[in-house]
Each structure stands twice: as C-alpha cells, then as structure tokens.
Amino acid sequence: MQIVIVGDGKVGSTLAEQLSREGHAITMIDRSGVPLQKTVEDLDILSVQGNGASYSTQIEAGVDEADLLIAVTASDELNLLCCLIAKKIGAKHTIARVRNPEYDGELSLISEELGLSLSVNPEQICATEIARILRTPTAIKTDTFAGGKVELLKFQLPPDSPLVGKALMELPSVTRSKVLVCAVERGDAIHIPSGSFRLAAGDRISFVASLRNAQLFFRQLRLNTGRVRSALLIGGGRIAFYLARQLIDAGLDVKIIESDYGRCEFLSEHLPKATVLHGDGTSEAFLLESGVEHFDAVAALTGIDEENVLIGMYIRKTFPKIKVITKVNRSSFQVIIDAMDLGSIFNPLQSASNLICRYVRSMQNTVGSKVETLYKLVDGKVEALEFNVADNSEVCGIPLQQLPLRDHLLIGCINRAGRIIIPSGQDTIEPGDSVVVVTTATGLDDIRNILSHRGPAHE
Amino acid sequence: MNKRMIFYIIGAILLIEAALLLAPAAVALVYAEKNGLVFLYVALGAALAGFGAMRLSRPRNRSIYAKEGLIVVALSWIVLSLVGALPFSLTGQIPDYLDAVFETVSGFTTTGASILREVESLDHCTLFWRCFTHWIGGMGILVFMMGILRLNGGQGIHLLRAESPGPAVAKMVPRMTDSSKILYAIYLVLTVLQFLLYLVGGMPVFEALCHAVATAGTGGFSVKNDSFASYSPYLQTVTTVFMGLFGVNFSIYFFLLRKKFDLVVKNTELRWYIILILASSAAIALNVMHMYGGFGEAFHHSSFSVLTVMSTTGFGTADFSRWPEFSRVLLVLLMCVGACAGSTGGGFKVSRIVILYRTIQSDVRKLLHPNAVKVARLDGKKIDDETIRSVSTYFILYALIMLISVILISLENFDASTTVTSVVAAFNNIGPGLGLVCPSGNYSMFSPLSKIVLCLDMLFGRLEIDPMLLLVIPVTWRKR
C-alpha cells in the first residue's frame, strides 16, 4: 500500500520502520530536513520536506494516490488539518494522533466530521495497558484478545518455582489450569516451544489463557496475585493523567508526584480524588516521605527515561514486594533495558505504533480472514495475531496436528462464539472462529499464511 | 569497513556481468562468429568467480554504510571493466590488454573514446559488446542490481547515491527496488523507441541496435568509421533528439507518466538545459554558416554537435575541430557543463551550474546590501547549505583533478588543445575532443601511462569523483 506519514518524530519513524518492513511503500513528510535525512538513510522510504498540511507538499508526496495518511506531528491541530486536506485531495484513509485530553470527548465527533478512519492517543493506549497489568500484577506484560476474554501474559520464572525443569506437556498436571505457553525468552534467544521444551529459572514466559485461568495458574504456582489497591505515580504527565483516571474509576487509591506546580494544580482540578504531591520524584528522601513503601504499585512515568529507569531499579531493589511499572520511550539499547530489573516496561510509542500497524493490516485485507489484533512481543521479534476465519478458508476442518504449519509458529487459542478453546492437536479451526497465532515470522496478514507453503511473510 | 559485504556485492555484480556477456554471445550466434565462444567462456568464468565470491564471503553482518557504498561502487566499476575487457583481447580484436581495458572503461563510463583506428573490420559480437557496455554503464550496474537484490532497509541508497549522477539523489518512489525498475523501464522504452525510429529511416538492424544502445547510455561508440557522417539527415536528426532526451533527468519522464506536468514546467534544470542547447546551437550555427549551405544546414550540424557534447555522447556528423575558434571554444565549455543530474549523461551537470550560479547571485547581492537576506533557491525551494557546500567542493575537486591530469598528459608533448581536450573529453565522458583526439582521430597514440590516467579520469568522471577518491586515499583503509 501507498502510505504517507506526516511527522518524522519518534512515533513516525517507528511506524515507518515497521510498515516498510511489512512491504508498504512509505513516504515521509517533515518540516525539517535533519531527521528526514537520517530516517531515509536507515529505511527504504521516500522523504518530502515541507509542511504536511499544505496542499502542494501533499501533492508532491503523492497523497492524492495514497491509500493511507498517518499524521503524527507534535501538534494535534496540525494532524487533524493534515487529515482533512488529505481526505479532500483523495487519500483513501486517514489516521491522526490526537492526544490533548481536552479533545477527548469531542473525538468521535471530530472523526466523523473529518472522515478520520482512526484517531490514536498513544498516552491513553499506554495508560490502558498499564491499568490492565495492575489487575494481574505477577505478569510483566499483558495483552488481550477476543475483546478482552483472552489474555496474553508474560512473567519471569523465579528460581524456586515448581515449574523449573518441567517440560511443557507436564504443565496442565502441575498447575491444574488451562494455559498455553507460546514463547519463551532465555537470555537473548527466543523459543517458540514444543511440548518437550523444559523450562529453566529466569525464563521469561509468555502464555495465553483466559483471565480466570491465568489467575488460577498464578495461584497454583504460589506467585503473588494480591490485588493492587493503591498506586503511586511518579511524574504527572499525560499517561499519568489517563492512568490515574482509570485507576480511580476502578476504586484504587492514587497518589501522584509531580515537580511542576502548575501541572499539579491541573491534576488536582481534574482528578479531585487523587492525592497530588508537589515535589521531586527522583529524590529518595521525598519518596520515603511520600510513604512509597505502603503502596502496592509504583509507576515511574516522568518524561525522562533515565529517571524512570533509576526509580524503577531503586524500588525493585528496596521494596521487592511492590509491583513496578517503568515507562521507557526510547527503543535503543533494548538489550540493556531488558537485562535490568525494572518490573513491567511500557513504551507508549510502541503501543501506538502497534495499534496503527494492526489497523493497516486489517485495512489491507478487507476480504477474507483478516487480522483482528496484533501484538509485538519481545522487542518486535515475536508477533501474536488474532485472525478472523472466513467461510471458505483452507485451514478449516483439519485437526491441528495434521495442518502443515510453518516453523516457529503456534496456535495460541481459538475463540468459537465466545467460548475459549486452548487447542490441542485434535482441535480444528472452523469458519467464524477467531484464532490467536504466535510466531517469529512477521507480516502474516491472513490465516492461510500460517501454512508452511504460503507467503508472504518475512522471517 | 564491512569487507565481506563488499565482496558479496562485487560477487553479485560479476554474476550480472556474466549474464550480460551472453548478449554478445547471442549476437555471435546470429552471425555465426567463432569469437562468440570467447564471450561464453568469459561469462562462465565471471559467473564462477562471482558465485565463489558470494559463497566465500557469506557476510554475517549485512549492513553497509555510506563509506562501504562508495567503495563498493568504485571497486565494482573497476572489476566490471577489467572483466569486460577480457573478450576484446582474448578474441585478438584488441590484442593489447591495456588498450582493451581503455576501450571497456570508455564503454562502461559512456565516454566513447576509442583507441581503434577503424572499427568496421571488427566482429559483430565485439562491436555489439562495445556499444552494449554503454547501455549497461549509462544507467548504472548497481542501479540494475538494486532492481533484483534486496538490501537491508534503506542502505541501498548508499549505492544509488554513489552511482547516480547529480548533487542530490532523489528516489522517485519509496521503495528502492521499485525506483530501479522504473528507471530501467523508462530507459528500455526510450531505447526501443529510438531503435524503431532508426529502422523506419532504413538503418540496418544491427547498426540500429548498436547505435540505439550507444545513444541511450550517451556513450558514443559507433559501428561506422565515420560515425554518423554518412547517414541520412533523418537518422542524424533522430540521433540529435534522442541524445537530448537521454540527457534529461529521468524523473522528468516519471513526472510525465504520473501526469504531474506542473513539476515538469517548474523544473529549473530542464529549463536551463533546453535554453543552453538552443542558444549555443544557434550561436554556433551563425558562426559556421559560411561553411554550409545556409543557416538550416548549419543548425542541423551545430545542434548535433552541441547535443553530442552536452549529453556527453560523442557521435559526429561533422568534424567540429575544423570549425572556427569561437565554435570550438563554446563546444569545449559545453563539454564541461554536461547533461542533467539523474540522466545517463556525464559532465559537471546543469543542476550544479544552476546551484553555483544562484549561490553566487545571492552572495553578490550581499555585497551590494550587506544586511540583505537573500536565499538561494532552486525549483522554488531553498537550496540547503549542505548542498551548496558539496557542490562547491565538487567544483574544486573537479577542477583540481582535471588540472593534475592535464599536467600528466602534457608529458606526452602533444599540442595544447590535444592535451587539454583529451582530459576534458575523458573526464566528462564525451569521447572526442580537439586536435589529435578530434572526432576523426583517436586515442591510440597515447603512452600506457597516459592511457591509465585517462581511464582513471573516465571513472572519476562517471562516478562523480567521491567513490574513486575514497578508494585511492589511504585514510579509508586505516582501521577505525
């Protein structure tokens, strides 16, 4: 597809990288030539320098022939204007990043008026993801499929766990819960495991289960599943705002530490139930004074990655019982970040980029089985996708053990009219199902691609 | 420096050259020439060497950066020429290997400077390979490779930038492979069109084919001893027009295909190119009118000569070395101007001239009004400082390399116009110059040293200095 991205910022370049790797023709528009130069050298894309909202720039970038325009500049208003003009000159779909909470309510209205296909608020998406993980705090990371019925959870196996040394096929008898392990990270290596795969201490295990089964699983393993009743948010930015609002709605005690007094006032005005503290969240003394040890969860959400990492490490080290959430914006030095003990790491850019990629994929395949949901796991090296199965698909009716599946691919679960099946070899895929697939191959856009002889996927 | 990846790419280039060498072998088959076998053997050898290089190098790290891009391009062109020269000397058509290399470098760089006194006695397959090298070199072998090979992310841009002529390389479409395919498609269509127009004008098929591919690459090797002098005015005019067309930036044709006419009309370089051609053709026509039967015939010859030097092709209808001094000087200056960026032509490039001119213009304005803010613009956009700086640097290097070459060639003790124009014609990839290297002369009298100097000049000119420069300076090869 022809895709034009306006704004070569962090989200813009992440998107460009992701989408161009999936084989789309990307044109990037940015006002300044400096980031463009860099991006064009790294990626196989075209660049146009200019104001993305101006007619002539858009024509130069070929928006009139584009299938999709994604506006992710720093300004919400500019993004909306870009989309409005793009729609007028013939772009088929438009996506805008709108993140000002003040436009929150009007968003659906605006979308209709502008013919927006999708509006994305990275901070809100990220906040929702964080709120979700606080429901199963043992997991490092959670994603949902089938409208929230199925969860994809990741946790680290502690050295004293009864699971250490067990093969995966023994799992159901040990844990007495229905879960399916779909990816295991051990050091730098990623395994899509088979039944004979043996777990080791320190493995980071991703598994698929229903929420109830996941909770059961953790309880059987005697891993802490105590509910999170209070949360301390360090940094009062947009994510903190959205997160606090969701947590307060869910009945949690929320305390926010913010260093800017004006921002504190804003938070206090809009979140009357939260306790807002004015001070430096990176000061140890201040944290202790705020009573950090009494919280069930602490989220480091300041605007500076280094501060968040330090806070995350400090809390993990000093108060190991507390669930830690660390926000990291940067995607470089991922190896180091992963190696550090930071609790659950969240990257709002990645969240937004995943959402948009998912949209692009389902757009690309409007007929037949399409991608309903897409998650990137393990720094984008593994993907979990949810497909809808069309009536005539060739994968239907054949027991899974007889399907010629690709290597490094696993069927995680089948959702049949609301009933969740954690599949075994005898189960079949039927028309109308939605199927979760976990794989190291990227670019799958149809359920048929799970078969070994089908393209187009890039290893 | 990722040496494995460099070897890997050169291996791929050898494989492509092997495939291309099959074309003259096919020609030999048609004319039942034994020498075709030599082409076949060389192709086989190149294929084995290329395959071996690709297998042996097995690069684990497939990323290349600007530095590797430049080195790969320079090395590829040298290897390409050394291998491409083998059939010439192995068939005995050009017995001396250095001469054969000169001829091949001249072919791939689309110069068209020949060491052959006469060409009509050569085999068809040799003649075809000579002209076909122009076609390969015109658009670029790495551009061709890019259409087939997928490189990591956008790293192919480093190769494209190193090989494509012009101050700033712009892809036409987002994906590199698509860009390469579009370029070659336009190239092929124009070549076929010219071939057909030649056939309509009654040119024999073989000659039409050779001349079409030689014009497309703006090369200048002919299969006739007198180049285009004995062809009909119609055939000469077709050549004039197509030399002009191949000297135009190919993105113009892409704009036309996409019906973006306003971008074509607004294009400054194209406008300058056309104006330069028309104005100098007219001026020369007036100057040489007395030698021909009126302005019309004079314009016919002057426009052919102007386009032959500006597009840096180097065909001839008339020996311009016998024209008056004014015309000769003008032609030599036009040799230095060259064609448009992003075309198959060589030279300094019209766009660089425009950028230099605009920069000077704004600087002079500042002399008049020290506080004036005057931005140098091209196509309605500010020319960024980086471009201005690189064009200025290019200009200095361009002059410097020509100067050094002239000094080296002067050791031959030929007259001034031979010495200077042989360098100008080689460096700008034109072919014929003035004096002993005039359209009716050739380069056979130069000593081996001078031939090597001229070969390097041709490569420096075709690859626009940077890749070759990086290859020869020692800093590149130091670790870290």
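In this predicted model, the interface between the two chains brings 10 residues of chain B into contact with 11 residues of chain A. The side of chain B that touches chain A is made up, by class, of 4 nonpolar, 3 polar and 3 charged residues. The points below turn to the domains of chain A and then to a pair of helices in chain B.

**Domains of chain A**

- Chain A is divided into domain 1, covering residues 2-120, domain 2, covering 230-346, and domain 3, covering 365-450.
- Between domain 1 of chain A and domain 2 of chain A, 4 residues of the former are in contact with 4 residues of the latter, and the side of domain 1 that touches domain 2 has 1 nonpolar, 1 polar and 2 charged residues.
- The C-alpha centres of domain 1 of chain A and domain 2 of chain A are separated by 31 Å.

**Helix packing in chain B**

- Helix α1 of chain B, residues 3-30, packs with helix α3 of chain B, residues 66-90, at an angle of about 35 degrees, and the axes of the two helices are 9 Å apart.
- The crossing that α1(B) and α3(B) make is right-handed.
- From α1(B), the residues that take part in this contact include B:Met5, B:Ile6, B:Ile9, B:Ile10, B:Ile13, B:Leu14 and B:Glu17, while those they meet in α3(B) include B:Glu68, B:Ile71, B:Val72, B:Leu75, B:Ser76, B:Val79, B:Leu80, B:Val83 and B:Gly84.
- Taken by class, the contact of α1(B) with α3(B) has 12 nonpolar, 2 polar and 2 charged residues.

How values were computed:
Residues numbered from 1 in each chain as written. Chains lettered and ligands numbered in written order. Predicted model: local features only at pLDDT ≥ 70, side-chain atom pairs only at ≥ 80, totals over all residues. Contact = placed C-beta atoms within 7 Å. Nonpolar A, V, L, I, M, F, W, Y, C, P; charged D, E, K, R; others polar. Domains from an automatic or database assignment. Axes fitted to C-alpha atoms, helices over the stretch in contact; angles between N-to-C directions. Helix = DSSP H or I, 4+ residues; strand = E, 2+ residues; numbered from the N terminus. Left-handed = near helix turned anticlockwise from the far one by under 90°.
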